Amino acid sequence: MSKIALITGATSGIGRATAQEFAKHGIKLVLCGRRQQRLDDLKESLSKKTEVHILNFDVRDREKVLEAIASLPDDFKKIDILINNAGNAHGLDPIERGNLDDWDAMLDINVKGLLYVSKAVIPGMTERQSGHIINIGSSAGKEVYPKGNVYCASKHAVLAITEGMRIDLNPYGIKVSAINPGLVETEFSKVRFKGGKEADSVYSGYKALQAEDIAEIIYFAITRPAHVNLADVLVFPTAQANSVTVKKT
Ligand code: NDP
Ligand code: 8X3
């Protein structure tokens with residue numbers, strides 16, 4: 001029987017590429033996001049390869065998260081693989097000029113949203129004593145860069161939560177992994193800079209990671225033998241050495 005994966009943030013970037021990669025391999029998909037048209041389009045295109053169910057919710061709304069996941073039809077309920085991917089940076093400001101709405105968004109989406117979705121999915125995994133949770137962290141969860149303050153804090157939290165999950169879910173045989181990318185060319189910077197022109201330069205002058213590169217690594221992680229767990233993976237483009245060192249032409 002094919003596995004079932006729930007992917008948050010499936011409407012764009014890493015989440016969408018992961019949905020496409022999983023579909024190629026016949027994994028049944030529960031695809032989540034807020035942009036309904038994109039969810040509909042994805043369902044239409046990926047249904048040629050696998051079974052797809054879409055859920056529209058904002059990960060910040062904990063009642064909606066729990067309701068949406070509880071509403072899954074029986075043939076999509078037993079989630080084997082959870083990809084906690086929804087998230088973004090909002091703003092790039094020194095702490096003294098930080099915007100409170102940006103801070104709320106990053107902590108509410110990247111940290112609390114990940115927890116709400118996990119809360120809805122984990123009981124099925126513990127009951128079945130199996131499952132794989134992959135949290136999309138970031139190189140920003142491993143180091144702090146100038147003006148990264150709250151985004152970096154949110155991704156450090158993702159890493160701490162991942163480690164906590166791995167300990168607490170260890171008795172149930174559930175795998176928990178963090179995949180931590182550096183610079184990936186997605187809509188991430190458009191969101192961070194609210195569509196401003198600063199986004200244009202983030203991925204120019206070098207070859208950034210592409211969403212498909214991360215999707216392939218996620219697929220590799222979920223296809224390891226039962227006794228192998230990629231606990232923590234840090235992935236940079238070759239041109240990047242750390243958050244502030246990028247070789248540009
Ligand atoms: P994108 O902006 O391309 O995608 C973000 C996804 O998250 C979208 O599908 C969006 O869907 C979803 N999302 C955002 N806010 C919410 C919300 N409140 N509720 C539900 N879904 C939400 O960015 P990426 O693909 O790059 O980002 C994916 C993950 O990868 C994030 O966690 C990011 O922090 C992480 N990451 C990104 C890196 C990069 O350089 N791009 C590097 C390291 C980590 P919708 O708007 O439809 O709800
Ligand atoms: C995304 C990578 O360096 O823009 O998490 O924070 S970075």
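These legends walk through close-up views of the ligands, pockets and cavities in a predicted model.

In this model, local features need pLDDT of at least 70 and side-chain atom pairs count only at pLDDT 80 or more, while totals for chains, interfaces and linings use all residues. Residues are numbered from 1 along each chain as its sequence is written, chains are lettered from A and ligands numbered from 1 in the order in which they are written, and side-chain values use heavy atoms, with hydrogens and water left out.

**View 1. Ligand 1 and its shell of 31 residues.** Among the residues around ligand 1, T11, S12, R34, Y151 and T186 come nearest (a residue is near a molecule if one of its heavy atoms lies within 4 Å of it). Helices α1 (13-24), α6 (149-168) and α7 (188-192) each supply at least two residues of this shell; helices (H or I, at least four residues) and strands (E, at least two) are DSSP runs, numbered from the N terminus. By class, the shell around ligand 1 holds 13 nonpolar, twelve polar and six charged residues, where Ala, Val, Leu, Ile, Met, Phe, Trp, Tyr, Cys and Pro count as nonpolar, Asp, Glu, Lys and Arg as charged, and the others, Gly among them, as polar.

**View 2. Polar contacts of ligand 1 with R34, N88 and G182.** A polar contact here is a pair of N or O atoms within 3.5 Å. The side chain of R34 places an N or O atom 2.6 Å from an oxygen atom of ligand 1, and a polar side-chain atom of N88 lies 3.0 Å from an oxygen atom of the ligand. From G182, a backbone N or O atom lies 3.4 Å from an oxygen atom of ligand 1. Of the 880 Å² of accessible area that ligand 1 has on its own, the protein covers 97% (Shrake-Rupley method, 1.4 Å probe).

**View 3. Ligand 2 among its neighbours.** Look here for S138, A140, Y145, Y151, G182, F188 and R192, the residues around ligand 2. An oxygen atom of ligand 2 is 2.5 Å from a side-chain N or O atom of S138; for Y145 the value is 2.6 Å, and for Y151 it is 2.6 Å. The protein covers 89% of the 240 Å² of accessible area that ligand 2 has on its own.

**View 4. The largest pocket, with a volume of about 1,100 Å³.** On a 1 Å grid over the protein atoms alone, a pocket is an open set with protein on both sides within 12 Å along at least five of seven lines, a cavity is a set of points where a 1.4 Å probe fits but cannot get out, and lining residues have an atom within 4 Å of a point. Grid points are joined across faces, edges and corners, and a volume is the space filled by probe spheres set on the points. Of the 49 lining residues, N88, Y151, T186, F188 and S189 lie nearest the centre of the largest pocket. Helix α7 gives the most to this lining, with four residues.

**View 5. Two cavities of 30 Å³ or more.** The largest cavity has a volume of about 60 Å³. Its lining has 14 residues, and H90, G91, D93, M106 and N149 are the closest to its centre. The second largest cavity has a volume of about 40 Å³, and α5 (100-128) gives the most to its lining, with four residues.

Definitions and conventions
A polar contact is a pair of N or O atoms within 3.5 Å; within protein, one must be able to donate a hydrogen and the other to accept it, and residues adjacent in sequence count only if both atoms are side-chain atoms.
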